[in-house]
Amino acid sequence: MNTPTTVSTIISTTAPTNQTEWQALAEKLDFETRAYINDRFVDAQSGNTLTTINPATGSVLAEVASCDDADAALAVKAAQEAFQRGDWARRSPTQRKVTLLKLADLMQDHKHELALLDTLDMGKPISSALGDIDGAISCLRYTAESIDKLYGEVAPTGDNNLGLIVREPLGVVAAIVPWNFPLMMTAWKIAPALAAGNSVILKPSEKSPLSALRLASLSKQAGLPMGVFQVLPGYGHTVGKALALSMQVDCLAFTGSTQVGKQLMQYAGQSNLKRVYLECGGKSPNIIFADCQNLDKAAQHAATAIFHNQGEVCIAGSRLLVENSIREDFVARVVKAAEQMQPGDPLDPESFMGAMVDETQYRRVLDYIQQGQEEGATLRAGGEPLNGPGLFIPPTIFDDVTPKMAVGREEIFGPVLAVFGFDNEDEALALANDSDFGLAAGVWSQNIDRVMRVSRKLQSGQVYVNNWAGPDMTVPFGGVKQSGNGRDKSLHSLDEYTEIKTIWMSLQP
Ligand code: NAD
């Protein structure tokens with residue numbers, strides 16, 4: 001317990017350029033495996049560990065502390081004490097900004113190491129992981145820069161009163177995140193929560209804890225005060241549940257499945273009615289109208305929208321809705337684009353797709369592929385996994401899908417595209433909105449009237465017009481329906497981590 005960290009520090013001066021160089025860097029890595037509680041790296045109190053495996057090779061990466069209720073209690077106590085001490089919560093926003101920008105700079109210095117940790121831990125291609133780390137850094141910088149530019153309000157009262165509306169941090173925020181974009185999803189939660197002055201406890205996914213633990217040591221180096229940022233690796237049903245049921249946690253910031261999101265709302269009801277912000281699953285429709293001007297570009301985006309990150313993307317464009325008059329031709333273009341997106345060694349910068357995160361997810365995706373065939377969808381590409389040892393599934397495309405089929409309704413979270421045909425705008429909208437989810441949607445058309453009409457009628461947190469997933473940090477990200485109720489990114493993300501307080505003063509006339 002409490003031994004000093006032995007994690008190697010690999011400064012990102014020169015970028016590895018090929019598979020061999022990335023492999024060489026990977027072999028130098030020394031993982032932090034302990035929880036980070038109250039400024040210290042410690043084993044779980046129970047001594048339990050969980051095994052994290054590289055899904056591209058099947059080899060064991062590390063035994064990581066598996067925290068539970070006892071560790072959660074310690075972290076919550078430290079977080080609360082830090083909040084009450086106020087050395088972060090009441091520090092001026094400008095000073096908090098300086099510390100968070102320093103953390104962003106440290107992440108930049110360690111960019112290659114952080115990307116490598118995510119690639120080894122969950123199988124994503126290194127080029128994609130590097131993009132994620134850029135996204136995480138940009139989120140931290142944007143949010144840090146925002147926090148000292150947000151003003152309170154003065155209410156429009158008469159002269160006898162002064163009504164001040166001020167924003168205050170909530171207290172203790174537990175951020176519970178998934179494995180598909182380990183560090184980027186983390187940044188989307190912790191950046192606004194910390195910038196607003198909260199104490200944050202991060203629970204990374206049990207499938208990808210390594211970059212979060214590395215981030216903990218960088219946060220210490222950046223000068224975040226004791227107890228303000230802590231990391232508890234472990235399982236959802238142990239440490240995640242303990243945080244969610246805690247009477248001292250004021251907010252749950254969650255990204256993950258709809259099923260677990262529903263559980264978290266119950267835990268909040270069973271405990272202290274803590275705020276629960278959910279970013280959950282999706283089955284996002286991408287609608288291609290026959291008047292789309294650039295079908296090759298649309299096909300390329302349609303393929304990227306589902307096969308990027310092996311399809312393990314919440315906003316994957318997993319339902320492709322194509323106007324029947326161009327369907328045959330368009331699907332052929334998507335199949336062609338997908339041929340260039342085959343999975344490969346995640347350490348090869350040329351690989352577009354990597355390995356599925358673990359055996360469970362791999363089996364789940366293969367089961368859906370089998371079900372699609374049994375339900376009568378037409379297999380146009382893929383369908384068979386690659387030979388091992390890694391967990392690789394190629395781009396798989398089903399045509400003639402109907403809304404009743406599981407491959408057309410359920411979130412598969414893998415590289416499986418379901419193609420539907422439609423004859424007119426109303427039919428396209430009805431198909432698109434016939435879903436429990438409402439995270440993202442795409443519209444491809446040159447007709448501006450149609451684009452606006454359809455965009456407004458789509459039940460979706462975001463609509464992409466003639467692109468897919470292009471937006472930067474300046475716009476909010478989140479879902480409607482069972483895709484959740486939270487908003488990450490943009491200035492709106494700060495709303496979730498601040499309380500509005502009214503101060504009403506009576507003044508002498
Ligand atoms: P998951 O719901 O299984 O797990 C997410 C996190 O919740 C993990 O850290 C897990 O340990 C924890 N957890 C599980 N059970 C818990 C419990 N009972 N109490 C507290 N915590 C618990 O999801 P996943 O498999 O890690 O990620 C895939 C899902 O995430 C997909 O549905 C995907 O769409 C969604 N996702 C959504 C977004 C978004 O922004 N909307 C982004 C990325 C991923």
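## Basis

Residues are numbered from 1 along each chain as its sequence is written, and side-chain values use heavy atoms, with hydrogens and water left out. In this predicted model, local features need pLDDT of at least 70 and side-chain atom pairs count only at pLDDT 80 or more, while totals for chains, interfaces and linings use all residues.

## Helices α3 and α6

Helices (H or I, at least four residues) and strands (E, at least two) are DSSP runs, numbered from the N terminus. The axes of helix α3 (residues 93–109) and helix α6 (residues 182–195) come within 11 Å and cross at roughly 165°. Axes here are lines fitted to C-alpha atoms, for helices over the stretch in contact, and angles run from 0 to 180 degrees between N-to-C directions. The crossing angle therefore makes α3 roughly antiparallel to α6 (a term for angles over 145 degrees).

Residues in contact (heavy atoms within 4.5 Å) are Arg96, Leu100 and Met107 of α3, together with Leu183, Ala191, Leu194 and Ala195 of α6. By class, six of these residues are nonpolar, none is polar and one is charged. Ala, Val, Leu, Ile, Met, Phe, Trp, Tyr, Cys and Pro count as nonpolar, Asp, Glu, Lys and Arg as charged, and the others, Gly among them, as polar.

## The largest pocket

Pockets and cavities are found on a 1 Å grid over the protein atoms alone: a cavity is a set of points where a 1.4 Å probe fits but cannot get out, and a pocket is an open set with protein on both sides within 12 Å along at least five of seven lines; lining residues have an atom within 4 Å of a point. Grid points are joined across faces, edges and corners, and a volume is the space filled by probe spheres set on the points.

The largest pocket holds about 1000 Å³ of space. Its lining has 39 residues, and Trp179, Phe254, Gly256, Ser257 and Val260 lie nearest its centre. Helix α9 gives the largest share of this lining, six residues. The lining has 17 nonpolar, 14 polar and eight charged residues.

## Cavities

There are seven cavities of 30 Å³ or more. The largest cavity holds about 70 Å³. Among its 14 lining residues, Ala316, Ser318, Glu411, Ile412 and Phe413 lie nearest the centre.

## Backbone features

A cis peptide bond, with omega near 10°, runs from Gly388 to Pro389. Pro389 lies in the loop between β14 (378–381) and β15 (396–399).

Asn38 is not a glycine, yet has a positive phi of about 50°. Asn38 sits in the loop between β1 (35–37) and β2 (40–42).

Technical notes
Angles under 35 degrees count as roughly parallel, over 145 as roughly antiparallel, 65 to 115 as roughly perpendicular and the rest as oblique.
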